[in-house]
Amino acid sequence: MDDSTARPMSRVPTGISGLDTILNGGLLRGGCYLVLGAPGAGKTILCNQMCFNHARAGGRVIYITLLSESHTRLIAHLRGLTFFDPAFVADAVQYFSGYSVLQRGGLRGLLELVRQEARAQQATLVVLDGLSTIETLVDDDMSIKVFIHDLQIALDFMGCTTLLQAQPIEEHAVQLYTMVDGVIALHDETWDLHTIRELEVTKFRGSGYLRGRHRFEITDAGITVYPRLEATA
């Protein structure tokens, strides 16, 4: 294709202050992105904030959990955040548990669940919370890579953007980085008596982005990211 006639890929804004600046406007529609962070780093808040912002902009979301807290408890925790809107739950934002399906049907069964629900709900954003659980239950890196590949193809065909939420990937599984379009890492560092939260985009295929670590905070409004001034210059 002649570069002069190629159309830029459309964006899916996260709606999170500062993050869309770092991503030059948002995620790329149909892309697959890893959201990494240790427990308590803010992954669940980040992904749910994206979900409700996406729904508020007219999109439809399915959020699939694997061996995490119950949906009742998850929603109870989200109620204290201003981005949460109960009117979207079980409508524009649908929560599903995929753990029993993964146990019974393996990765093929989980893939079919995501396909069916994404199609049925006409989803434009899918969150899979629990890639680390898959790594624990499926001791086969190639099978996981094939799963992510097939998931990308299926959801990209539907015009659906994907977020894979996971704890920091072990060294043996770093090859999974090659399977996704981007990686957003959340860091929670302690210096002396101070705790510093930082966000870093370590990969973003198909677009430029602001490199390096950027401070962020979690308040009742959710996550706010503060891009480094020198990175925006």
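Predicted model: local features only at pLDDT ≥ 70, side-chain atom pairs only at ≥ 80, totals over all residues.
User: Why is the contact between Asp91 and Arg60 called a salt bridge?

Analyst: A salt bridge requires a side-chain nitrogen of Lys or Arg within 4 Å of a carboxyl oxygen of Asp or Glu. The closest N and O atoms of Asp91 and Arg60 are 3.7 Å apart, so the pair meets that rule. Asp91 sits in the loop between helix H3 (71–78) and strand S5 (93–97), and Arg60 in the loop between helix H2 (43–56) and strand S4 (61–65), 31 residues apart. Helices (H or I, at least four residues) and strands (E, at least two) are DSSP runs, numbered from the N terminus. By the salt-bridge rule, the count comes to nine.

User: What makes Asp91 partly exposed?

Analyst: Buried means under 20% relative accessible area, exposed means over 50%, and partly exposed lies in between, with a 1.4 Å probe and protein chains only. Asp91 has 41% relative accessibility, so it counts as partly exposed, and Arg60, with a relative accessible area of 25%, is partly exposed as well.

User: How do you know that Arg213 and Glu200 tie together separate parts of the sequence?

Analyst: Their side chains meet in a salt bridge at 3.6 Å, N to O. Arg213 lies in strand S10 (residues 213–219) and Glu200 in strand S9 (residues 194–204), so the pair ties together parts that are 13 residues apart in sequence. Salt bridges that share partners join Glu189, Glu198, Glu200, Arg213 and Arg215 into one network.

User: Why is strand S3 described as largely enclosed?

Analyst: Six of the six residues of strand S3 (residues 32–37) are buried, so the strand is largely enclosed by the rest of the structure. Cys32, Leu34 and Leu36 point one way from S3, whereas Tyr33, Val35 and Gly37 point the other way.

User: How do you know that S3 pairs with S7 and with S8?

Analyst: Two strands pair if DSSP finds at least two bridges between them. S3 and strand S7 (residues 161–166) pair in the parallel sense over five bridges, and five bridges also join S3 to S8, again running parallel. Leu36 has Ala166 in S7 as its bridge partner, while Leu34 stands opposite Val183 in S8.

User: What makes the pairing of the sheet mixed?

Analyst: Strands of a sheet pair through backbone hydrogen bonds, either parallel or antiparallel. Here nine strands form an open sheet in the order S5-S4-S6-S7-S3-S8-S9-S10-S11, with mixed pairing. S3 and S7 pair in the parallel sense, whereas strand S8 (residues 182–191) and S9 pair in the antiparallel sense over ten bridges.

User: Why is the pair of Phe52 and Phe88 called tilted?

Analyst: Rings of Phe, Tyr and Trp (its six-membered ring) pair if their centres lie within 6.5 Å, and planes under 30 degrees apart count as stacked, over 60 as edge-to-face and the rest as tilted. Phe52 and Phe88 are 6.5 Å apart centre to centre with 55° between the planes, so the pair is tilted. Both residues are buried, and Phe52, Phe83, Phe84 and Phe88 form one aromatic cluster.

Definitions and conventions: Residues numbered from 1 in each chain as written. Heavy atoms only, no water.
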